[in-house]
Amino acid sequence: MSDSIESMGIQLRRAERIAFDMMVKYRLWGFRGTIMLKDMTPFGARIEGMSDVRMGDAITLLLPGLQPKLSTVVWQDGCSAGVEFDHPLHGEVFKELVRDYARSRPSFEPVPVPMPAAMSAARPMRAAA
């Protein structure tokens, strides 16, 4: 089979999407406002709350604790849009945003497993015979 994945119209993700429900400020066409950031990867994000944005528009997002993040609209559907960051977020910066603001736990963080109380209670040691 000589068809590549790209020629079949299938796009592979560069990173796992992490769910957020975070209000962020933006700048677009000289206007400022607030939108909802719904999910994010180090490479871009899905935003909601703007119906007049178009593919190719340059939009600046103000993510918490970071310098303004320049990005480009790569898709738009109703009030949702996908943006690609002009420069990807550094891995540690992305992990901090996830730790502090994400609503879902990503696969790169270990999930603590609670031990049942019966297992965590100290068991008496048996004396050697």
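Me: Is D39 buried or exposed?
Reply: The model is a predicted one, and burial is judged here by relative accessible area, with under 20% counting as buried. For D39 the relative accessibility comes to 8%, and by that cut-off D39 is buried.

Me: With which residue does the side chain of D39 meet in a salt bridge at 3.5 Å, and which parts does the pair tie together?
Reply: The side chains of D39 and R17 meet in a salt bridge, with 3.5 Å from N to O. Because D39 lies in strand β2 (residues 31–41) and R17 in the segment before β1 (18–28), the pair ties together parts that are 22 residues apart in sequence. R17 is partly exposed, at a relative accessible area of 34%, whereas D39 is buried. The partner of D39 is thus R17, and the parts tied are strand β2 and the segment before β1.

Me: Which residues are linked with R17 in a network of salt bridges?
Reply: Side chains of opposite charge can pair when their charged atoms come close. In this model the count comes to seven salt bridges, and the network that holds R17 is made up of R17 together with D39, R46 and E48.

Me: In what order do the six strands close into a barrel?
Reply: Strands of a sheet pair through backbone hydrogen bonds, either parallel or antiparallel. Here β1 and β2 pair in the antiparallel sense over nine bridges, three bridges join β1 to β4, also antiparallel, and four bridges join strand β4 (residues 58–62) to strand β5 (residues 69–77). The six strands close into a barrel with antiparallel pairing, in the order β1-β2-β3-β6-β5-β4.

Me: Which residue in the turn between β1 and β2 has a positive phi?
Reply: β1 and β2 form a hairpin with two residues between them, and R27 stands opposite R32 in β2. The residue in the turn that has a positive phi, of about 55°, is W29.

Me: Which residue's backbone nitrogen lies 2.8 Å from a polar atom of the side chain of D57?
Reply: D57 is found in the loop between β3 (44–48) and β4, and at a relative accessible area of 9% it is buried. Leaving aside residues up to four places away in sequence, D57 touches L28, W29, S71, T72 and V73. D57 also forms a salt bridge in which the closest N and O atoms are 3.8 Å apart, its partner being R54. The backbone nitrogen that lies 2.8 Å from a polar atom of the D57 side chain belongs to R54.

Me: Over which residues does pLDDT stay under 50?
Reply: Where pLDDT is low, the predicted coordinates should not be read in detail. The mean pLDDT of the protein is 81, and 68% of its residues reach 70 or more. The stretch where pLDDT stays under 50 has three contacts beyond four places in sequence in the model, and it covers residues 1–6.

Methods:
Residues are numbered from 1 along each chain as its sequence is written. This is a predicted model: local features need pLDDT of at least 70, side-chain atom pairs count only at pLDDT 80 or more; totals for chains, interfaces and linings use all residues. Side-chain values use heavy atoms; hydrogens and water are left out. A salt bridge is a side-chain nitrogen of Lys or Arg within 4 Å of a carboxyl oxygen of Asp or Glu. Buried means under 20% relative accessible area, exposed over 50%, partly exposed in between (1.4 Å probe, protein chains only). Two strands pair if DSSP finds at least two bridges between them. A polar contact is a pair of N or O atoms within 3.5 Å; within protein, one must be able to donate a hydrogen and the other to accept it, and residues adjacent in sequence count only if both atoms are side-chain atoms. Contact means heavy atoms within 4.5 Å. pLDDT is the predictor's confidence in each residue, from 0 to 100.
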